Amino acid sequence: MCQLSKEQRIIYRFKIENTILTVELSDSVLAHFNQHAQHSDASPEAGGQLFANITEDGSHWFVSSATGPRPSDHRSRFFFHPDRRTERREIQDEYEQGKHYVGDWHTHPQQSPQPSASDTRSMGEIFEKSIHQLPGILMIIVGTHSPPEGTWISMHSSLGTALPLPFEPSPRQGRG
Ligand SMILES: [Zn+2]
């Protein structure tokens, strides 16, 4: 099992239409993922929702809390069906703390996880059904390798699926 250092954060950049959206995962969110990753053969899938503090111009999401799994979720080694009623309550509670629902996370028993067709389809449906003003919503899948290799992240909207821009050592983002 990997350990994440206290300072470790991961920053992704997405190009949505003509703007760059920065998504930063907090230490505590990464630690939460690591805690629920399916490191053993017996661990069931886990998942929950992602909440972020968003800058006024909408260009930076600091994902500072990840909820779930909850006792009322339906879980097995290969599927995770969240309790939707609890999810709605979480959205309300987090909103009162100034945090916005920005997507979902779940685990896969794979080193470097890939979304299933139904994962991708359900994110598109959630985007259409949710009440929000976001350009897209996030799907994070937590594998058994440590991040970033072991973590899938994608942005879903009516335009389809967007993957993050490649990691670059410098904070300046190229245009290629
Ligand atoms: Zn999945």
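## The sheet

This model is built around an open sheet of 8 strands, in the order S1-S2-S4-S3-S7-S8-S9-S10, with mixed pairing. Strands here are DSSP runs of E with at least two residues, helices are runs of H or I with at least four, and both are numbered from the N terminus. Two strands pair if DSSP finds at least two bridges between them. At the edges stand S1 (10-16) and S10 (160-162); each has a single partner strand, so one side of each is left without a neighbour in the sheet. From one strand to the next, the twist averages 30°.

A word on the source: this is a predicted model, where local features need pLDDT of at least 70 and side-chain atom pairs count only at pLDDT 80 or more, while totals for chains, interfaces and linings use all residues. Residues are numbered from 1 along each chain as its sequence is written.

## Around S3

Strand S3 (residues 47-54) runs antiparallel to S7 (residues 100-107), with 6 bridges joining them. Look for Gly-48 opposite Trp-105 in S7. S3 also runs antiparallel to S4 (residues 60-66), this time through 5 bridges. Over in S4, Phe-62 is the bridge partner of Asn-53, and Trp-61 is the bridge partner of Ile-54.

The hairpin of S3 and S4 has 5 residues between the strands, and Gly-58 there takes a positive phi near 75°.

## Helices on the sheet

Helix H1 (residues 27-36) packs on the sheet, touching S1, S2 (19-25), S4, S7 and S8. Contact means C-beta atoms, placed from the backbone, within 7 Å. The direction of H1 makes about 45° with that of S4; axes are lines fitted to C-alpha atoms (for helices, over the stretch in contact), and angles run from 0 to 180 degrees between N-to-C directions.

Helix H3 (residues 117-129) packs on the sheet too, touching S7, S8, S9 (151-157) and S10, and its direction makes about 150° with that of S8.

## The core

The largest nonpolar core has 30 residues, and those with the most contacts inside it include Val-23, Leu-50 and Ile-140. Such a core is a set of buried Ala, Val, Leu, Ile, Met, Phe, Trp, Tyr and Cys residues joined through C-beta atoms within 7 Å; buried means 20 or more other C-beta atoms within 10 Å of a residue's own. Strand S8 (residues 137-142) gives the most to this core, with 6 residues.

## Helix H2

H2 (residues 84-96) is hardly covered: 1 of its 13 residues is buried. Gly-98, with a positive phi near 85°, follows H2.

Conventions
Buried ≥ 20, exposed ≤ 12 C-beta atoms within 10 Å, placed from the backbone. Contact = placed C-beta atoms within 7 Å.
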